Amino acid sequence: MTQRMKRTRSQHDFVPLADDSLIICRCEEITQGEIRKAVYDGMSTMNEVKRYLRAGMGLCQGQTCSHLVQNIIAGELGVPPGEVETHLSRSPVRPIQMIELAQDGGEK
Amino acid sequence: MKNKDVIIIGGGVIGCAIAYYLSKQHVKVLVLEKEEIGAGGSSRNGGGVRQSARDPRELPLAMHAIRNIWPGLSDELGVDVEYCQKGNLRLAKTEEHIKILERAINQGCSAGLDLKLIDQKEVRDICPYVSEDVIAASFCPTDGHGNPMLTTLAYYKRARELGAEFITGESVISVLLQKGNVSGIQTDLNTYSSDQVVLAAGFDSRTIANTVGIDIPMQKILVEALVTDQQPRMFPQMIGTAAADFYGHQTKHGSFVFGGMTGLEPFASEETEPVTRSITASSICRAILGYFPAISQANIVRTWSGFLDVAADKVPVLGRVEEVPGLTLACAFSGHGYGISPTIGEAIAALVVDEKSGVSLDAFHYDRFKPKA
Ligand SMILES: Cc1cc2nc3c(=O)[nH]c(=O)nc-3n(C[C@H](O)[C@H](O)[C@H](O)COP(=O)(O)OP(=O)(O)OC[C@H]3O[C@@H](n4cnc5c(N)ncnc54)[C@H](O)[C@@H]3O)c2cc1C
């Protein structure tokens, strides 16, 4: 079930934090500050933040950073982390070379 | 009961674009989205911003967006939507394929599009990575691609900054009428009132329109796509094939995004969720490597799927519903709604505000579907 959310804008300016330069998504080198700013700009779910910044879109597909991203989004929105749904996982679990994948099925 | 000038149903690229162009004109907008922003086809598509091989009815919509909106869109919205206008190559391996290309070239040229057939050498001059099996291609230099996820979210972000209200996780069930005119909508949780409702909910637009007696003949088709890891920069063109077995491009990030068809897609349309099937990614990879052997070592990191809302005659349904004053449709994009989304946003906003859409939407009237005899 998707949580109902009203996407009202904050009346305040974005407030940077001292540790905003921390790298959260190592594959795509996305910082805490970038994630916080994305939430400020309206990105309010794991999928939206990912699609906006590429956090969790790299080689490991979020296997390393997704809980960290989830916590930051929850903190910015002021909700418990469990209320922020994790982003979707999809096949393949590990990267597969095209030449290998191409050998599965088909006519030959 | 809350009053809004316009209620938009659906927070995909179409709903968000309409919300932006309306907000720019100080119209008070409410967007209701069942899941999250860009949950549907808008975050799942191949990013093609293409005029070549478009239906002649739809071509003016694509040409308008490419001439007038896409080039300045990133600046306008304040987000880099990764628009890249380096042309589209549609590749041919056989004489049959060339015939398919020639038909599309004739249609495009008669509509004033710069589109031509080029031979093997010219193809390889433009894109040295194509296999020797490619004997010709059509080339349209003004085609290109963008990043659909960013485009959708950029329209959303800018509309929100301009005051548009968005509610996600709330599902619209029906359009409400009073004395035959639109008076609002009913969701699973609330009632909202407005005498203007724009329906941009993809395939689900059909059941919602049904609640006021309007039916749009469309089918839901499941199609799949995949993405590679980051690769060295190879070529900037949008790629398609006359055989329609795959399409794709290299993104600004360096990964390649490809989509493709096994031919069995229409028979998976009962799926309720966009699932991927075991045969498809392999089929797409085989098709790609038949044209681009040079990327055989690239890794696939993710596969996904999405639904198309395909109209009986494969062009969108757009504009006012005269039988239901206050209802405007923007759906049935039939697999090519991303490239034209800026035109649609602008035209539907103009239609709602001024009764005039700018570009003509006459060919897309909901009442065009007639029985054969
Ligand atoms: C794999 C794939 C590749 C594609 N490639 C291209 C391409 O290269 N070029 C191109 O131009 N187009 C392409 N398309 C098509 C393009 O993605 C769509 O035409 C476009 O995204 C349509 O946008 P939309 O906003 O109408 O639909 P959607 O993005 O589907 O948005 C509709 C929204 O309405 C919401 N909704 C549904 N029901 C309700 C309800 N009851 N209440 C509230 N909200 C509701 C949905 O959750 C959804 O977010 C492709 C599509 C797919 C799937």
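Reader: Is helix α8 of chain B mostly covered or mostly open, and how do I read that?

Author: Keep in mind that this is a predicted model. A residue counts as buried when its relative accessible area is under 20%. For α8(B), 11 of the 14 residues are buried, so by that cut-off the helix is mostly covered. Among the buried ones are B:S341, B:P342, B:I344, B:A347, B:I348 and B:L351.

Reader: Which general rule tells me how residues on a helix point?

Author: An α-helix has 3.6 residues a turn, so residues three or four places apart point the same way.

Reader: Where are B:E82 and B:K179, and how exposed is each?

Author: B:E82 sits in the loop between α2 and β4 of chain B, and its relative accessible area of 22% makes it partly exposed. B:K179 belongs to the loop between β9 and β10 of chain B. At 84% relative accessibility, B:K179 is exposed, because the cut-off for that is over 50%.

Reader: Where is there a cis peptide bond?

Author: Look in chain A, where a cis bond joins A:S91 to A:P92, with omega at about -5 degrees. A:P92 is in the loop between α3 and β4 of chain A.

Reader: Now the ligand. Which residues are closest to it?

Author: Of the 36 residues that surround the ligand, the closest are B:E33, B:S42, B:V172, B:G337 and B:G339. By class, the shell holds 14 nonpolar, 17 polar and 5 charged residues. Domain 1 and domain 2 of chain B each give at least three residues to the shell.

Reader: Which polar atoms lie by the ligand's oxygen atoms, and what share of the ligand is buried?

Author: To find polar contacts, look for pairs of N or O atoms within 3.5 Å. A polar side-chain atom of B:E33 is 2.6 Å from a ligand oxygen. The backbone takes part too: a polar backbone atom of B:G41 is 3.1 Å from a ligand oxygen, and for B:V13 a backbone N or O atom lies at 3.3 Å from one. Alone, the ligand exposes 1,000 Å², and the protein buries 94% of that.

Reader: What do the side chains of B:S305 and A:S10 reach, and is each serine buried or partly exposed?

Author: B:S305 lies in strand β17 of chain B and is buried, at 0% relative accessible area. Its side chain reaches the backbone oxygen of B:P274 at 3.0 Å. A:S10 is in the loop between β1 and β2 of chain A and is partly exposed, at 35%. The side chain of A:S10 reaches the backbone nitrogen of A:H12 at 3.0 Å.

Terms used
Residues numbered from 1 in each chain as written. Chains lettered and ligands numbered in written order. Predicted model: local features only at pLDDT ≥ 70, side-chain atom pairs only at ≥ 80, totals over all residues. Heavy atoms only, no water. Buried < 20%, exposed > 50% of the residue type's maximum accessible area, 1.4 Å probe, protein only. Helix = DSSP H or I, 4+ residues; strand = E, 2+ residues; numbered from the N terminus. Near = heavy atom within 4 Å. Polar contact = N/O pair within 3.5 Å; in protein donor to acceptor, adjacent residues only side chain to side chain. Areas by Shrake-Rupley, 256 points an atom, 1.4 Å probe, with all protein chains shown as cover. Nonpolar A, V, L, I, M, F, W, Y, C, P; charged D, E, K, R; others polar. Domains from an automatic or database assignment.
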